[in-house]
Amino acid sequence: MTWQDYEVELEGNLRDLHARVHRGTYRAQAVRRQFIPKPGSDKQRPLGIAALEDKIVQRAVVVVLNAIYEEDFLGFSYGFRPRRGQHDALDALSVAIGETRVNWILDADIRNFFDGLSQDWLVRFLEHRIGDERVIRLVRKWLKAGVLENGELSVNETGTPQGAVASPLLANVYLHYVFDLWAQQWRRREANGNMIVVRYADDIVAGFEHEADARRFWDAMRMRLAQFSLELHGEKTRLLEFGRHAAQRRRRRGLGKPETFNFLGFTFISGQSRRGAFQLQRKTRGDRMRAKLKEVKVELRRRLHHAIPEQGQWLKSVVTGFFAYHAVPTNSRALGAFRYHVTNLWLRSLRRRSQQTTLTWERMTRLVGTWLPSPRILHPWPSVRFAVRHPR
């Protein structure tokens with residue numbers, strides 16, 4: 001069923017769906033599994049594509065549940081919440097590291113979170129806050145609908161399909177009880193020094209003043225997640241020395257530069273300003289940029305014989321979209337590098353159009369000046385935007 005087919009008798013279809021939901025005769029359909037490439041990796045990520053009516057019902061339920069859980073969710077949770085986005089999480093982390101005594105960073109990654117969470121625990125968490133049994137039954141139907149892959153239906157006892165409309169909210173509910181409330185309590189009762197936490201979906205970054213606190217939290221977190229059918233990714237979870245004193249302390253011990261960590265598409269670096277003071281720097285992850293350039297190269301090959309203005313218009317949208325997310329302070333070099341590489345790819349593509357092409361750099365410079373936006377910082381400094389969003 002497509003949106004176009006459903007729209008032919010839209011009012012009647014919606015009334016019928018509404019009646020089935022209230023009578024309890026609505027049945028969730030199996031989710032179709034589709035694999036997409038993981039950004040910056042050769043691996044593939046499974047997505048669950050729900051049926052059209054399931055999307056409609058899930059969206060309606062999510063609207064209701066958001067109104068309830070937004071009163072409960074904690075401030076350091078940013079993923080898939082109304083009026084909160086990735087840059088809000090990036091700002092919060094940057095301000096916390098820059099203005100709090102943070103010397104150690106725990107970069108935590110939960111292994112196969114969406115596929116591994118316990119459906120039984122998820123339902124119990126929902127029942128703790130939601131008294132309407134009809135809503136609980138709807139969630140149970142979505143969890144038990146199964147997954148359709150290559151024509152074969154399978155029903156799992158764990159996980160929620162990544163990509164379904166309700167999955168982000170259900171994931172937030174799960175981690176609210178499993179991690180957020182526990183981490184807040186640990187910070188108040190167990191930490192001897194300063195501690196910060198930022199969570200975006202299943203990406204967690206915690207900062208500590210003392211190494212001992214960081215290691216105790218790491219061990220406690222591992223045990224806490226294990227109680228709820230989750231585990232930390234052994235290779236991706238790591239503790240690193242970071243912050244305004246990291247470079248000096250590592251130099252004193254004869255070590256190299258402070259390590260870096262990645263969060264939401266950026267690499268965080270303990271750097272220095274032009275005056276020599278500590279400056280938290282963020283630059284675009286190299287693997288993400290390479291993956292995007294690879295996509296551009298493939299698409300340019302497909303558009304090889306399209307008109308130059310048509311190619312220029314498409315490349316303009318690509319570069320504009322990249323800048324819209326990545327044009328943060330301290331990331332100017334990466335923006336310039338991305339535009340330069342796109343220019344090179346476009347030049348090579350145009351020269352392949354004919355063996356007699358005499359496209360010079362002068363003409364290419366004019367084309368690029370016409371179509372590709374120049375790199376410039378579009379986002380304010382994190383502390384400025386954070387102060388506006390959180391005036392306290």
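## A walk along the charged side chains

Start by selecting Asp91 and Arg385: both of them are buried. Keep in mind that what you have open is a predicted model. Now show the two side chains. They meet in a salt bridge, with N to O at 2.6 Å. Colour the helices and you'll find Asp91 in helix H4 (residues 86-99) and Arg385 in helix H15 (residues 382-389). The two residues are 294 residues apart, so this pair links distant parts of the chain.

How many salt bridges are there in the model?

**Next stop: Arg216 and Glu190.** Select this pair and look at the side chains, which form a salt bridge at 3.9 Å, N to O. Arg216 sits in helix H9 (residues 211-226), while Glu190 is in the loop between helix H8 (167-189) and strand E6 (195-200), so the bridge ties together parts that are 26 residues apart in sequence. Are these two buried or partly exposed? Arg216 has a relative accessible area of 33%, so it is partly exposed. Glu190 comes out at 38%, so it counts as partly exposed too. For both, the reasoning is that buried means under 20% and exposed means over 50%, with partly exposed in between.

**Now move to helix H11.** Pick out Lys292 and Glu295 here: they form a salt bridge whose closest N and O atoms are 3.6 Å apart. Why are they separated by about one helical turn? Because they are three residues apart in helix H11 (residues 286-302).

Select Asp16, Arg20 and Glu53 together: salt bridges that share partners join them into one network.

**Last stop: a positive patch.** Keep the surface on and select Lys294, Lys297, Arg301, Arg348 and Arg352, which gather in a patch of positive charge. Which helix gives the most to this patch? That's H11, with three residues, so you're back at the helix of Lys292 and Glu295. To finish, click on Arg348, another member of the patch. Arg348 lies in helix H13 (residues 332-351), and at 46% relative accessibility Arg348 counts as partly exposed.

Technical notes:
Residues are numbered from 1 along each chain as its sequence is written. This is a predicted model: local features need pLDDT of at least 70, side-chain atom pairs count only at pLDDT 80 or more; totals for chains, interfaces and linings use all residues. Side-chain values use heavy atoms; hydrogens and water are left out. A salt bridge is a side-chain nitrogen of Lys or Arg within 4 Å of a carboxyl oxygen of Asp or Glu. Helices (H or I, at least four residues) and strands (E, at least two) are DSSP runs, numbered from the N terminus. Buried means under 20% relative accessible area, exposed over 50%, partly exposed in between (1.4 Å probe, protein chains only). Patches are made of residues with over 30% relative accessible area and no salt bridge: like charges are joined within 9 Å, nonpolar side chains (Val, Leu, Ile, Met, Phe, Trp, Tyr) within 5 Å. Accessible areas come from the Shrake-Rupley method with a 1.4 Å probe; for residues, only the protein chains shown count as cover. Lys and Arg count as positive and Asp and Glu as negative; His and the chain ends are not counted. The place of a charge is taken as NZ of Lys, CZ of Arg, CG of Asp or CD of Glu.
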